[in-house]
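Here's a quick tour for anyone meeting this structure for the first time. Take a look at it below, then read on.

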Amino acid sequence: MNKFWFYILALALVGCSTTPSIQKYYVSKSEDPNFLVIDIPTSILGVDSNTLTTEEKEALSSFQKINVLLFRKTSANADFLSQELMTVRSIIESKTFEPLLVMSDRQYSGKLVLQGSVEKPNEIIFFGAAEQGFVLARLVGRDMQVEKAMLLANVIQRGNGLENAAKSLGRMF
């Protein structure tokens, strides 16, 4: 009987991980009025699949949605920006994530990271920060690959996917 309780306790301790993650961060901020959370399905991008190659169609179908978390600095929440940036940076700069691309200039900085392997990532995350706030975007899908993510970025850019998504979201509100 004592072994039974030992296993239950061990399972509870392992299951209740306190390790910060992007997903936990999203959930914790989803009700925070300082943040805007948007789930953008790839279908809202308005990409004409008739103009895509087979490889591009496969890339598009491997991604289901993009989770976007935005923090826009205002006079009311300016004190929180540095704390939130520190929290996000500590998560994406942990050993859990591998950096793929780092961008920086005087006005903004950005980083593309992945969790898992380049061949089969579990998560692909973009983090961008500026004086006005920051954005955290998480690609969600199945059978994701970094090459497919790059193809998807090209398809979205070529097909004005971000503009299409903005128009669609604008019609909702």
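Is aspartate 39 buried, exposed or partly exposed? With a relative accessible area of 43%, aspartate 39 is partly exposed. Keep in mind that this is a predicted model.

**The chain as a whole**

- The protein chain has six helices and six strands.
- Starting at the N terminus, the elements come in the order α-α-β-α-β-α-β-β-β-β-α-α.
- The protein chain is 173 residues long, and 35% of those residues count as buried.
- Take the contacts with a separation of 6 or more: 60% of them are between residues 24 or more positions apart.

**Salt bridges**

- Side chains of opposite charge can pair when their charged atoms come close.
- Glutamate 84 and lysine 29 are both buried.
- Next come lysine 65 and aspartate 39, which form a salt bridge with their closest N and O atoms 4.0 Å apart.
- Here lysine 65 sits in strand β2 (residues 63–72) and aspartate 39 in strand β1 (residues 35–41), so the pair ties together parts 26 residues apart in sequence.
- Lysine 65 counts as partly exposed, at 30% relative accessibility, and aspartate 39 is partly exposed too, at 43%.
- Glutamate 93 and lysine 111 also meet through their side chains in a salt bridge, at 3.7 Å from N to O.
- That pair links distant parts of the chain, 18 residues apart: glutamate 93 is in the loop between α4 and β3 (97–104), while lysine 111 is in strand β4 (residues 108–116).
- Glutamate 93 is exposed, with a relative accessible area of 52%, whereas lysine 111 counts as buried at 17% relative accessibility.

**Around glutamate 123**

- Look for glutamate 123 in strand β5 (residues 121–130).
- Why does glutamate 123 count as buried? Its relative accessible area is 8%, and buried means under 20%.
- The side chains of glutamate 123 and arginine 138 are joined by a polar contact of 2.4 Å.
- Leaving out residues up to four places away in sequence, glutamate 123 touches Ile22, Phe97, Val113, Leu114, Gln115, Arg138 and Met144.

**The buried face of α2**

- Which residues of α2 are buried? They include Ile22, Tyr25, Tyr26 and Lys29.
- Viewed down the axis of α2, its buried residues fall within an arc of 100°, so they line one face of the helix.
- An α-helix has 3.6 residues a turn, so residues three or four places apart point the same way.
- The cover over the buried residues of α2 includes β1, β2, α4, β3, β5 and β6 (133–141).

**Aromatic rings**

- The structure holds five aromatic pairs.
- One of them is phenylalanine 71 with phenylalanine 134, a stacked pair at 5.6 Å centre to centre with 5° between the planes.
- Phenylalanine 71 is in strand β2 and phenylalanine 134 in strand β6, so to speak two distant parts of the chain, 63 residues apart, linked by the pair.
- Phenylalanine 71 counts as buried at 3% relative accessibility, and phenylalanine 134 counts as buried at 3% as well.
- Ring pairs link Tyr25, Phe35, Phe71, Phe127 and Phe134 into a cluster.

**A loop residue**

- Where is serine 49? You'll find serine 49 in the loop between β1 and α3 (54–61).
- Serine 49 is partly exposed, with a relative accessible area of 36%.
- From C-alpha to C-alpha, serine 49 and leucine 60 are 9.0 Å apart in space, and they are 11 residues apart in sequence.

Methods:
Residues numbered from 1 in each chain as written. Predicted model: local features only at pLDDT ≥ 70, side-chain atom pairs only at ≥ 80, totals over all residues. Heavy atoms only, no water. Buried < 20%, exposed > 50% of the residue type's maximum accessible area, 1.4 Å probe, protein only. Helix = DSSP H or I, 4+ residues; strand = E, 2+ residues; numbered from the N terminus. Polar contact = N/O pair within 3.5 Å; in protein donor to acceptor, adjacent residues only side chain to side chain. Contact = heavy atoms within 4.5 Å. Arc of directions from axis to C-beta. Phe/Tyr/Trp six-rings, centres within 6.5 Å; stacked < 30°, edge-to-face > 60°.
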